[in-house]
Amino acid sequence: MAIKGSAGGVRPGARWGYAVAVWGVLFAVPSFLWAAGSTFGARSTVAPELVRLAQDRVPWFLAVLWITGLLKLLGAAIGLGLTRIRSRRVGRFLEFCGGGAAVLLVWHGGLFVVHGILVETGAATVAPDLAGLTRWYLYLWGPWFIAGGLAFAAATARYLRAYDARRPTRLLATVGALGALLLSLASTATGLG
């Protein structure tokens, strides 16, 4: 396999992997804060039902917060993994996860943005007490998810280019991306996401 990049295994474009890592760590902080009992920043930016679950210390919801925080840190680790050429097995795992994360995050953020635009233009309605919350999802959470997804996409694309971009590696990244899209569509259709 031909590997492109600079000496020492660091490759051009590694900044995208580092951007993913920073994004993941920053995104994990609220999950851990809310799981630990603080609702700092949650009252005005997150659905009231979720804030209540955190305030009431509902065990299954606290577990969800801890798990999502850990998954966000895993995303940060994947971002760091995409900054250097890895073994074939590790590289394929990173490509699969990076491609899947890119699609899942852009799709999820896009749903927030589209819904927010529909509400802001009057094409869709929400309860009056949720109108301000819709703006947070339109202007903060939606773009935040999209930014993370685009960073994953750029980091994964750069990683794929570092390997002569042979078909099996591209296929694996594509399968990861399509799998994430199907998972998101299924959760949206069932109302679980």
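This note goes through a predicted model point by point.

1. Ground rules. Residues are numbered from 1 along each chain as its sequence is written, and side-chain values use heavy atoms, with hydrogens and water left out. In this predicted model, local features need pLDDT of at least 70 and side-chain atom pairs count only at pLDDT 80 or more, while totals for chains, interfaces and linings use all residues.

2. Overall make-up. The protein has seven helices and zero strands. Along the sequence, the pattern reads α-α-α-α-α-α-α. Helices (H or I, at least four residues) and strands (E, at least two) are DSSP runs, numbered from the N terminus. Of the 193 residues, 38% count as buried. Buried means under 20% relative accessible area, exposed means over 50%, and partly exposed lies in between (1.4 Å probe, protein chains only).

3. H5 against H6. Helix H5 spans 88–121 and helix H6 spans 131–162. Their axes lie 7 Å apart, and the packing angle is about 155°. Axes are lines fitted to C-alpha atoms, for helices over the stretch in contact, and angles run from 0 to 180 degrees between N-to-C directions. H5 and H6 are therefore roughly antiparallel (under 35 degrees is roughly parallel, over 145 roughly antiparallel, 65 to 115 roughly perpendicular, the rest oblique). The residues of this contact divide into 21 nonpolar, 13 polar and three charged. Here Ala, Val, Leu, Ile, Met, Phe, Trp, Tyr, Cys and Pro count as nonpolar, Asp, Glu, Lys and Arg as charged, and the others, Gly among them, as polar.

4. The second largest pocket. About 220 Å³ of space lies in this pocket. On a 1 Å grid over the protein atoms alone, a pocket is an open set of points where a 1.4 Å probe fits, with protein on both sides within 12 Å along at least five of seven lines; lining residues have an atom within 4 Å of a point. Grid points are joined across faces, edges and corners, and the volume is the space filled by probe spheres set on the points. Which helix gives the most to the lining? H5 does, with four residues. H6 also supplies at least two. The lining includes Phe112, His115, Gly116 and Tyr137. By type, the lining has seven nonpolar residues, three polar and one charged.

5. Tyr139. This residue is found in helix H6. Is Tyr139 buried or exposed? Tyr139 is exposed, with a relative accessible area of 57%. Tyr139 and Gly116 are 23 residues apart in sequence and 8.3 Å apart in space, C-alpha to C-alpha.

6. Arg15. This residue is found in helix H1 (residues 14–35). Arg15 is exposed, at 55% relative accessible area. Arg15 and Arg158 are 143 residues apart in sequence, yet 10.0 Å apart in space, C-alpha to C-alpha.

7. Arg57. Most residues other than glycine have a negative phi. Arg57 has a positive phi of about 55°, although it is not a glycine. Arg57 lies in the loop between helix H3 (48–55) and helix H4 (59–81). Arg57 is partly exposed, with a relative accessible area of 36%.
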